[in-house]
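Me: I would like to learn how to read a few features of a protein model, beginning with a helix and its sides. Could you take me through them one at a time?

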Amino acid sequence: MDITVLEKSRLFQGMTDKELSSCLDFLGAREKNYRKDDLILHAGERTSCIGMMLTGSVTIESNDVWGNCTVLSHVGKNQYFAETYALLGEVLLVDVRANEDCSILFCDIRNLLDDSKKSSPWKEKLLKNILIISSQKNLVLSGRNFHTSPKSCRGRLLSYLNATALQTDSREFDIPFNRQQLADYLNLERTNMSKELSHMKDDGLIEYRKNHFKLLKAD
């Protein structure tokens, strides 16, 4: 476990070396490795741990009993998942799946809200950092709702691609999804979405190759 990476992370921001060491001991921090497509957390279960991506990425998915999959978000390096479920002890409503080979740091945060536990400076910093992480995740989820609100396939694609351009401050960027994941994320049928991407390219709105996109100015 690379301590220098943890010191720079959002979760442990503002902690001294001594505080970080005490915090990791209290949380029982442990690193685990997964292969692509491994199911890391399963809907219907409970978890007491927040997951921090050290390498690789995961997707947060909603899979129903009829086999329908909705991709809710992508979690990459130095990002987090399951923090709200871990704090509240609620049953998971989503699956967490390895998008590629990855390494994850798990920290047990179930006792952070226990008033009987002795308070310490690092605990206050950790709770503040978790609040910020959770707020950032809420923005991501509300962004998906924004992208899926247009009724047309083109409207959803334009909404997502425009938002990504704003977030990256560039008209040319890579997206974290493959075609099936992008279709699932935007709640679209993959074949129709692929056709619409081709139409948008023919109309001079975009250029793309695999997950690399370039937005073009309208004439």
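Me: Which residues of helix H2 (residues 17–27) are buried?

Reply: Buried means under 20% relative accessible area, exposed over 50%, and partly exposed in between, with a 1.4 Å probe and protein chains only. Helices (H or I, at least four residues) and strands (E, at least two) are DSSP runs, numbered from the N terminus. In H2 the buried residues are Glu-19, Leu-20, Cys-23, Leu-24 and Leu-27. Seen down the axis of H2, these buried residues fall within an arc of 130° (taken from the directions from the helix axis to the C-beta atoms), so they line one face of the helix. Asp-17, Lys-18 and Asp-25, on the other side of H2, are exposed. This is a predicted model, in which local features need pLDDT of at least 70 and side-chain atom pairs count only at pLDDT 80 or more, while totals for chains, interfaces and linings use all residues. Residues are numbered from 1 along each chain as its sequence is written, and side-chain values use heavy atoms, with hydrogens and water left out.

Me: What covers the buried residues of H2?

Reply: Contact means heavy atoms within 4.5 Å. The cover includes helix H1 (3–7), strand S8 (102–108) and helix H4 (121–148). Just after H2, Gly-28 takes a positive phi of about 60°.

Me: Where is Arg-30 placed, and what does Arg-30 touch?

Reply: Arg-30 belongs to strand S1 (residues 30–34) and counts as partly exposed because its relative accessibility is 40%. Not counting residues up to four places away in sequence, Arg-30 touches Cys-49, Ile-104, Leu-105 and Phe-106. Arg-30 and Gly-51 are 21 residues apart in sequence, and their C-alpha atoms are 9.9 Å apart in space.

Me: Is Thr-47 buried or exposed?

Reply: Thr-47 is buried, with a relative accessible area of 13%, and lies in the loop between strand S2 (39–41) and strand S3 (49–55). Leaving aside neighbours within four places in sequence, Thr-47 is in contact with Leu-41, Ala-82, Tyr-85, Ala-86 and Leu-92. A polar atom of the Thr-47 side chain also lies 3.2 Å from the backbone nitrogen of Cys-49.

Me: How many helices and strands are in the protein, and what percentage of its residues count as buried?

Reply: The protein has 7 helices and 11 strands, and 42% of its 219 residues count as buried. Among contacts between residues at least 6 apart in sequence, 72% join residues at least 24 apart.

Methods
Polar contact = N/O pair within 3.5 Å; in protein donor to acceptor, adjacent residues only side chain to side chain.
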